[in-house]
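Hi,

Here is the model we talked about passing on. Please have a look, then read my notes below.

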Amino acid sequence: MMLNKSFFKCFIAALFCLVLCACNNKDERHTSIRLAHHLDTQHPVHKSLVHMSEVLKQLSGGTMELVIYPSAQVGTEREVLELLQIGSMGMTKVSASSLEAFVPQMKVFSLPYLFNDHAHYWKTLDSEIGHDLLDAGTPFLIKGLGYFDAGSRSFYTTKRKVESPQDLAGLKIRVMSSQTAVDMVNTMGGAATPVSWGELYTSLQQGIVGGAENNPPSFYFSKHYEVSKYYLLDEHTSIPDVIVIGTKVWNKLKPQEQQWLSQAMSEATEYQKILWAESTAMSLQKVEEAGVEIIVADKTQFQDSVRPIYDSLEGTILEPLVESIKAMGEPQ
């Protein structure tokens, strides 16, 4: 197994060794940045990255572009992050949860019911707090360029309807490989069970887990609605996607190229917000038409159930960060 992984990394490194390409004409530099992600081509994130590449071409007069590899062609989020660190891949899209191992402060996004609403969420991401988090990965050779909306995550189950925390008792719920996500489900009374995304459909189908949690587009595009009868709109976490670039690639860009890329990122974020809202509405409609019962949660019960999580933050690096974020949501 170790040999196979080593071979894989060497192969990818060789395949993508020319992340930045320059034309022979010294006065005409052409830069191609390779970007890999695990989502399919119909996903709003992929469409927004294509838009980002188009904007980048326009801003640069055709001298810069993104070469996009979707659908996990290059590997998992973790594997692609490692390729960014060594400079063999340029950029990727990852969940903020996947960055927790590099930036512990990113755990804040996995805390349940942190944001009052969507406006509070984006106010935080666009603030100095959000910008500082994007830069916090640079010691690990990863720089955040910006955020994409990944909506709010909610529970869905195969056989047992969940309407309150008590209904989660003893129920195996698939979570991401995030200790904060594990703590959240366990505190609510469920049995958190990390399962890889690629194995989740079969795990739901075979009853290995009784449910999972994710945003509506992921629930729909993954076809998990085919084996899950109930979707509880409790919107417990809002974890953004982060577009990151390896610092080895970023530092090779000229200042003007960095500016073009940053501007393309900003425009792609605004474009993606629109696509995400449309996709969320469409996904909920499609799963309901397919027979899924959509349940609007009484969030108060769930918020009360996770208070021990916030009590446990006292004295940690997350405590002042949570206080700052909550203050941003208070009436001015």
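Over the ring of which residue does the charged end of Lys273 sit? The ring is that of Trp122, and the charged end lies 4.1 Å from its centre. A charge sits over a ring here if NZ of Lys or CZ of Arg is within 6 Å of the ring centre and within 35 degrees of the ring normal. Lys326 has its charged end over the ring of Tyr310, 5.0 Å from the centre.

Some ground rules. This is a predicted model, with local features needing pLDDT of at least 70 and side-chain atom pairs pLDDT 80 or more, while totals for chains, interfaces and linings use all residues. Residues are numbered from 1 along each chain as its sequence is written, and side-chain values use heavy atoms, with hydrogens and water left out.

Aromatics next. The whole structure holds ten aromatic pairs (Phe, Tyr or Trp rings, the six-membered one for Trp, with centres within 6.5 Å; stacked under 30 degrees between planes, edge-to-face over 60, tilted for the rest). One of them is Tyr121 with Trp122: edge-to-face, 5.6 Å centre to centre, 75° between the planes.

Now the pockets. A pocket is an open set of points on a 1 Å grid over the protein atoms alone, where a 1.4 Å probe fits, with protein on both sides within 12 Å along at least five of seven lines; lining residues have an atom within 4 Å of a point. Volume is the space filled by probe spheres set on the points, which are joined across faces, edges and corners.

- The largest pocket has a volume of about 1,000 Å³. It is lined by 36 residues; closest to its centre are His38, Glu77, Ser98, Arg174 and Trp197.
- The second largest pocket has a volume of about 580 Å³. Its lining has 31 residues, and Phe115, Ser152, Glu235, Ser238 and Lys299 are the closest to the centre. Helix H10 (255-289) gives the most to this lining, with five residues. Helices (H or I, at least four residues) and strands (E, at least two) are DSSP runs, numbered from the N terminus.

Last, strand E8 (residues 211-214). Both faces are covered: Gly211 and Glu213 on one side, Ala212 and Asn214 on the other, all buried. Strand E5 (residues 153-157) runs antiparallel to E8, joined by four bridges; strands pair if DSSP finds at least two bridges between them. Tyr156 stands opposite Ala212.

Best wishes

Key. Buried < 20%, exposed > 50% of the residue type's maximum accessible area, 1.4 Å probe, protein only.
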